[in-house]
Amino acid sequence: MTRLFHISDIHFGLEDRRALDWVAQCIAREKPDAVAITGDLTMRARHREFTAACHWIQALDVPVTVEVGNHDLPYFNLIERFIDPYRRFRSIEGVLERELPIPGAKIVPLKTTARAQFRLNWSKGTVGKAALAQTLAAIDALPPGTRAIVACHHPLVEAGTRGKALTRGGNHALAELARRNVLAVLSGHVHDAFDLIHPTPNGPVRMIGAGTLSQRVRSTPPSFNELTLDGDMITVRVRNLEHVPTRDMLIDDVPENALPPRTEGEPVAPVAAVPEVDPPVH
């Protein structure tokens with residue numbers, strides 16, 4: 001069996017120090033085989049935020065893989081965002097990335113971010129043709145019998161919600177992944193954990209999402225996923241600061257209106273209750 005800690009949405013710049021210290025202690029004490037971080041290492045992609053994220057991750061002293069999130073693209077420097085949007089992320093990815101020791105499986109990245117989109121909200125996900133082709137080629141090149149675990153930032157589809165276009169191209173991407181030997185698709189972005197089976201024309205795909213370790217909590221406390229891999233089986237345990245049972249931590253869809261409280265002192269919604277309106281930006 002292999003134990004993988006799945007972490008997402010750390011948001012250095014608005015991180016939760018208590019949550020980060022707790023996770024670091026869990027890793028130091030329990031020594032998981034690897035850690036997968038599915039994006040949003042920073043809040044506004046500032047150099048100091050990337051530096052802080054790099055220092056924290058390096059101190060974990062376990063093999064780590066990191067994916068890029070929408071908050072990891074330059075927010076204030078639009079020239080850099082359009083010319084070389086991933087430069088800051090690449091600079092720490094090269095320092096942090098290590099091969100993960102997962103017998104019989106390999107994590108394969110799928111980029112769901114874009115420097116710009118033909119819609120007002122650039123924070124939402126999109127799976128471009130080139131990004132999908134690169135991921136599918138990497139899966140097809142795996143040794144025979146090796147299962148793929150796809151890691152991206154955005155959930156690829158909504159599941160039973162009224163909101164649409166959460167991730168453009170996500171349905172097509174899931175259908176193509178269903179043709180391959182994919183164990184699960186790991187993601188973050190919505191700041192609540194989930195473990196869903198999504199049907200596609202080519203068969204079902206498992207989608208596993210991690211919560212947040214930032215102050216931008218939504219309907220559940222800060223958390224991370226402990227994944228236990230045993231052959232073709234993945235068991236998900238959601239670890240959180242408030243000791244809420246895993247079943248209660250898992251949201252049963254990926255809602256577009258799962259938006260965080262953003263004012264100091266504003267109460268967090270109870271578990272499984274999604275705020276209807278996004279408060280003013282803090």
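# Briefing: a surface patch, a sheet and salt bridges

Leu78, Ile79, Phe82 and Ile83 together make a nonpolar surface patch of about 440 Å². The model is a predicted one, in which local features need a pLDDT of at least 70, side-chain atom pairs count only at pLDDT 80 or more, and totals for chains, interfaces and linings use all residues. Residues are numbered from 1 along each chain as its sequence is written, and side-chain values use heavy atoms, with hydrogens and water left out.

**The nonpolar patch**

- A patch is made of residues with over 30% relative accessible area and no salt bridge, where like charges are joined within 9 Å and nonpolar side chains (Val, Leu, Ile, Met, Phe, Trp, Tyr) within 5 Å. Accessible areas come from the Shrake-Rupley method with a 1.4 Å probe, and for residues only the protein chains shown count as cover.
- Phe82, one of the patch residues, is found in helix H3, which covers residues 78-83. Helices (H or I, at least four residues) and strands (E, at least two) are DSSP runs, numbered from the N terminus.
- Phe82 has a relative accessible area of 40% and is therefore partly exposed, a class that lies between buried (under 20%) and exposed (over 50%), judged with a 1.4 Å probe and protein chains only.

**The five-stranded sheet**

- Five strands form an open sheet in the order S3-S2-S1-S11-S12, with mixed pairing; two strands count as paired if DSSP finds at least two bridges between them.
- Strand S3 (64-67) and strand S12 (233-240) stand at the edges of this sheet, and because each has a single partner strand, one side of each is left without a neighbour in the sheet.
- Strand S2, residues 34-38, pairs with S3 in the parallel sense over four bridges, and the bridge partner of Ala36 in S3 is Thr65.
- In general, the strands of a sheet pair through backbone hydrogen bonds, either parallel or antiparallel.

**Thr126 and its surroundings**

- Thr126 has its place in strand S5, residues 125-126, and counts as buried because its relative accessibility is 17%.
- Thr126 and Thr113 are 13 residues apart in sequence, while their C-alpha atoms are 6.0 Å apart in space.
- When residues up to four places away in sequence are not counted, Thr126 touches Lys111, Thr112, Thr113, Ala114, Gln117, Thr167 and Arg168, where contact means heavy atoms within 4.5 Å.

**Salt bridges**

- The structure holds 17 salt bridges, each being a side-chain nitrogen of Lys or Arg within 4 Å of a carboxyl oxygen of Asp or Glu.
- Arg3 and Glu226 meet through their side chains in a salt bridge of 3.4 Å, N to O. This pair links distant parts of the chain, with Arg3 in strand S1 (residues 2-7) and Glu226 in strand S11 (residues 223-230), 223 residues apart.
- Arg3 is partly exposed at a relative accessible area of 22%, whereas Glu226 counts as buried at 8% relative accessibility.
- Glu49 forms a salt bridge with Arg46, with the closest N and O atoms 2.8 Å apart; Glu49 is buried at 4% relative accessible area, and Arg46 is partly exposed at 25%.
- Asp232 and Arg147 also meet in a salt bridge, at 2.8 Å from N to O. Asp232 lies in the loop between S11 and S12 and Arg147 in strand S6 (residues 147-151), so the pair ties together parts that are 85 residues apart in sequence.
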